[in-house]
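Hi,

Here is the structure I promised to send over. Have a look at it first, and my notes on the aromatic rings and the nonpolar cores follow below.

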Amino acid sequence: MVRSVLGLGAVLATFVTGASAEGLKVGMITTLSGGGAGLGLDVRDGFLLAVKQSGRDDIEVVVEDDQQEPDVAVQLADRLIQSEGVDVLTGIIFSNLAMAVVPSAVNQDVFYLSPNAGPSQLAGAGCHPNYFNVAWQNDNLHEAAGAHMNEAGFSSAFILAPNYPAGQDALTGFKRFYQGELAGELYTQLGQTDYAAEIAQIRASAADSVFFFLPGGMGISFLKQYADSGVDLPLVGPGFSFDQDILGAVGEAALGARNTSQWSKDLDNDANRAFVESFQAEYGRLPSLYASQGFDTANLMISAMEKADVADMDAFREALREAGFASTRGDFEFGPNHHPIQDIYVREVVLEGDVLTNRIIGTALEDHTDAYAADCAM
């Protein structure tokens, strides 16, 4: 059953698979409108595909559009927890929204399973037993990009990211591993679409390469304008700056660019091959990094349901920690702060037939954990 209600500027959709009173109710707050909509749609679609494939009749998922606004996300979370009685929250894409929602939610005896945002504050001193990140800690892919740029011989990188928690974590993570000099460092506005001034600064610098983190529509705008500018310095970014939706919008200007990711559609394991095939069959498009994270998040939750009732929070939490599911990434385990320990790969943008996509060309970091776990007193 699909029910849609338009009100208060947000869209409410409830996806029910015959949920029973003894089952589990999930509140998904994600970005389904504006420049980040493609990211939220992919997380939602990956999550719902896993629920459908599970065949369970005791899971209810209520999907809400946060409109990429922290105050909207907070209002939705409060209603889902206090009025809808959800057991689990998930779905947030952007870290400023996660910081607005997660601390309050987990302190109300609700589990939060993050399919994307992994701000440093929630990995370190702000960690919580009810918070699990199934994607990464924000710094991770950027740390891997710094390591890759060392190996590639770049020694004068120009770096930029939007000025919000994930952007700050991005440049912090990059600089933690990058050993060269910085030809420039910029924080752009969140949601910015005109990068003429930034590209002019890159052109005027002594840079030999550019590292950027600009998710969603920001990345599309930057890549198109960068290609049109004639600046030909090599581009490196995290995987979500060159993900499937981005490539479709940017076109062949992205060919040859390298990026770092914990997932790729060509990862050679049974779970990933089945996921890619079934996602294409269900939705008629290649899955993205975000879709894989939504899929893994749902399967983590389902694996915990198979071992414990969510009403027994201690048992359910322990079942989540065990991570007994077949991840699209292959081996999967949580560190002591409930963030993944995982390999991070280097991918290159290639043309397969007439479709732009990514192909793994190496591994940047193996069994990588985040820099904040030691600060978590959990």
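Let me start with F222, which is buried, with a relative accessible area of 0%. Keep in mind that this is a predicted model. Y195 is buried too, also with a relative accessible area of 0%. The two rings pair up: their centres are 5.7 Å apart and their planes stand at 85°, so this one is edge-to-face. The pair bridges distant parts of the chain, with Y195 in the loop between β9 (181-188) and α7 (196-204) and F222 in helix α8 (residues 217-229), 27 residues apart.

In total I have 20 aromatic pairs for you. Another one is F111 with F316, a tilted pair at 5.3 Å centre to centre and 50° between the planes. That pair also links distant parts of the chain: F111 sits in strand β6 (residues 111-114) and F316 in helix α12 (residues 313-322), 205 residues apart. Both of these residues are buried. There is a ring cluster as well, in which ring pairs connect F94, W136, Y164, F213, F240 and Y290.

Now the cores. The largest nonpolar core has 92 residues, and V61, L89 and F316 touch the most other members. Helix α11 (residues 289-305) is its top contributor, giving ten residues. Domain 1 (2-136 + 268-334) and domain 2 (140-261 + 343-375) each supply at least three residues to this core. F222 turns up again in a second, separate core of 25 residues, which also includes F212, L235 and L247.

Cheers

Technical notes
Residues are numbered from 1 along each chain as its sequence is written. This is a predicted model: local features need pLDDT of at least 70, side-chain atom pairs count only at pLDDT 80 or more; totals for chains, interfaces and linings use all residues. Side-chain values use heavy atoms; hydrogens and water are left out. Rings of Phe, Tyr and Trp (its six-membered ring) pair if their centres lie within 6.5 Å; planes under 30 degrees apart count as stacked, over 60 as edge-to-face and the rest as tilted. Helices (H or I, at least four residues) and strands (E, at least two) are DSSP runs, numbered from the N terminus. Buried means under 20% relative accessible area, exposed over 50%, partly exposed in between (1.4 Å probe, protein chains only). A nonpolar core is a set of buried Ala, Val, Leu, Ile, Met, Phe, Trp, Tyr and Cys residues joined through side-chain atoms within 4.5 Å. Domain bounds come from an automatic or database domain assignment.
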